[in-house]
Amino acid sequence: MEIKFKNFFREELSIDQIQEAMDRGEITSKELVMYYLNRIANLDQTGPQINSMLEINAEAIFIAEALDNERNLKGARGPLHGIPVVLKDNIETKDSMHTSAGTLALENHLAFQDAFLVKKLREAGAVMLGKANMTELANGMSSEMWAGYSARGGQTLNPYGDPTLFVGGSSSGPAVVVAANFSVLAVGTETDASILSPAIQNSVVGIKPTVGLISRNGIIPFTYSQDTAGPFARTVKDAAILLGALGGTDDHGIATNKSEGNSQQNYTKDLDSKGLNNARIGIFNDAPKGYYDSGEYDVQLFQNAIQVLTEQGATIIENINIPSFHRDWKWDVPLYELKHSLDNYLSKLPSHMPVHSISELIQFNRKIGEKALKYGQDKLERRESYSNTLRDSEYLNAKLEDLYFSQEQGIDYALKKYDLDAIVFPSYIGSTISAKAGYPSIAVPAGYMDNGRPFGMTFAGTAFSEGNLIKFAFAFEQATKHRIAPKL
């Protein structure tokens, strides 16, 4: 029997449209949740089988009903009241959902508490709809593993027609959930490109904020230096609303202390359709060798985007130089920090869990063979031999070099030299230097290639420049309206 939904329900609904309809009594949060569950059932788990959702919150409908009742009695808490949000599978929730980072070893792991950002979302009235698939261990498992694959969840597909299209990683599931209209919003995490890449590949907005803007407390870690959570949405405004709800200082998240006085609870005040007027935007187009032949770049689409920036009143400085961009970046920091951070996380798991260290995780995977090791675990095995003291000279020097060359000789150097408000990169080629600096970026759709593959670009800036980046991205979005829903 086919379920009939009200005419209001359709793809590409925005937060504003939903809130206005709920305030009028036209729809309820319960009906909204049911609408998305119906799409997940028929398009994600059957039909084209996009396979972006890993787990559904058994309490989602009850939570929505309670929020509907609260709206009727007291009014809405704010713009996220009754809005479904999907979380990446490395973000802890204290409910019926497991937190596994895509591993089979943790498929039965139930967290004792919500991650700090989940607490913030619940306080804002959001409905935790479910957990999304991800590249296993945030791409810390295997050098052969396809982006969007996990042993627990299988392969997530790009919803834009061709199932062989790169889906982006490791927050591929959350990006696809939003792109395919299985939820209004989603939260991913990034160490390097894990938000920006899937946002670009799936034609959605992704914000990778300054490290420390959002607490990492309650997130299965990869690094201490670069990890951050961030929002996915179909519009810049919706992403800005979600970003404002996620931040805040956390006693158990030391990195957040520097955000006090630098973060905002309301980034929507930065939304200005004329925000590019008089802005100085530097264009970086000196991509790494091989990028232009990778299939991810479209020279005409990028030139079109630059033309839009000009037409919107921005002063464009072409072909800027970032001295350290092409340096031979060392990867000692994530190698050492994953060993230390993941070992610490696993050691605190309840005694009944099958693994409590990276070594035990490796042995667990070997015991169940192909089921866990379709692509092997060479990355994990490499990290097993590293020390967990974080005192090794090569690690310490690499950490200091990362900061110096990404900040003083990188992003900040270029901003100062050319007197820029932001830097624009084609696709997500600026992810590494921004990630090592701990600086923010926002990816926005910038058209579609001849084969239907989405293309996008990234606005990047210095620490806590999210407001400016949102302003520029919003102005570009409003001038272009590039995003088109995939034809599922």
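A residue is called buried here when its relative accessible area is under 20%, and exposed when that area is over 50%. The structure is a predicted model, and this definition can be applied directly to helix α4, which spans residues 116–123. In that helix, Phe116, Leu117, Val118, Lys120 and Leu121 are buried. The elements that cover these buried residues include the strands β2 (84–88), β3 (127–132), β6 (185–190) and β8 (228–233), together with helix α7 (236–246). Just after α4, Gly125 adopts a positive phi of about 90°.

The chain as a whole gives the setting for this helix. The protein chain contains 14 helices and 13 strands. Its radius of gyration is 21 Å, close to the 23 Å that the globule rule gives for 488 residues, so the chain is as compact as a globular protein of that length. Along the principal axes, the C-alpha trace spans about 60 × 60 × 45 Å. Of the 488 residues, 62% are buried. Among contacts between residues at least 6 apart in sequence, 75% join residues at least 24 apart.

The surface and the charges may be considered next. The protein chain exposes about 18900 Å², of which carbon and sulfur atoms supply 48%. There are 46 positive and 58 negative side chains, and the centres of the two sets lie 2 Å apart.

Strand β13, residues 454–460, is mostly covered, with seven of its seven residues buried. Pro454, Gly456, Thr458 and Ala460 point one way from the strand, whereas Phe455, Met457 and Phe459 point the other way, and all are buried. β12 and β13 form a hairpin with five residues between them, and Gly452 in the turn has a positive phi of about 90°.

A buried position can also be found in a loop. Leu213 lies in the loop between β7 (205–208) and β8, and with a relative accessible area of 1% it is buried. Leaving aside neighbours within four places in sequence, Leu213 is in contact with Leu243, Gly247, Gly248, Ser259, Ser263, Tyr267, Phe464 and Glu466. The C-alpha atoms of Leu213 and Ala229, which are 16 residues apart along the chain, are separated by 8.9 Å.

Most residues other than glycine have a negative phi, and most peptide bonds are trans. Gln49, in the loop between α2 (29–44) and β1 (53–56), has a positive phi of about 50° although it is not a glycine. At 47% relative accessibility, Gln49 counts as partly exposed. Ala193, in the loop between β6 and α6 (196–201), likewise has a positive phi, near 75°. At 9% relative accessibility, however, Ala193 counts as buried. The peptide bond from Gly169 to Ser170 is cis, with omega near 0°, and Ser170 is found in the loop between β5 (154–155) and α5 (172–179).

Methods:
Residues are numbered from 1 along each chain as its sequence is written. This is a predicted model: local features need pLDDT of at least 70, side-chain atom pairs count only at pLDDT 80 or more; totals for chains, interfaces and linings use all residues. Side-chain values use heavy atoms; hydrogens and water are left out. Helices (H or I, at least four residues) and strands (E, at least two) are DSSP runs, numbered from the N terminus. The radius of gyration is taken over C-alpha atoms; the globule rule is 2.2 Å times the number of residues to the power 0.38. Buried means under 20% relative accessible area, exposed over 50%, partly exposed in between (1.4 Å probe, protein chains only). Contact means heavy atoms within 4.5 Å. Accessible areas come from the Shrake-Rupley method with a 1.4 Å probe; for residues, only the protein chains shown count as cover. Lys and Arg count as positive and Asp and Glu as negative; His and the chain ends are not counted. The place of a charge is taken as NZ of Lys, CZ of Arg, CG of Asp or CD of Glu. Two strands pair if DSSP finds at least two bridges between them.
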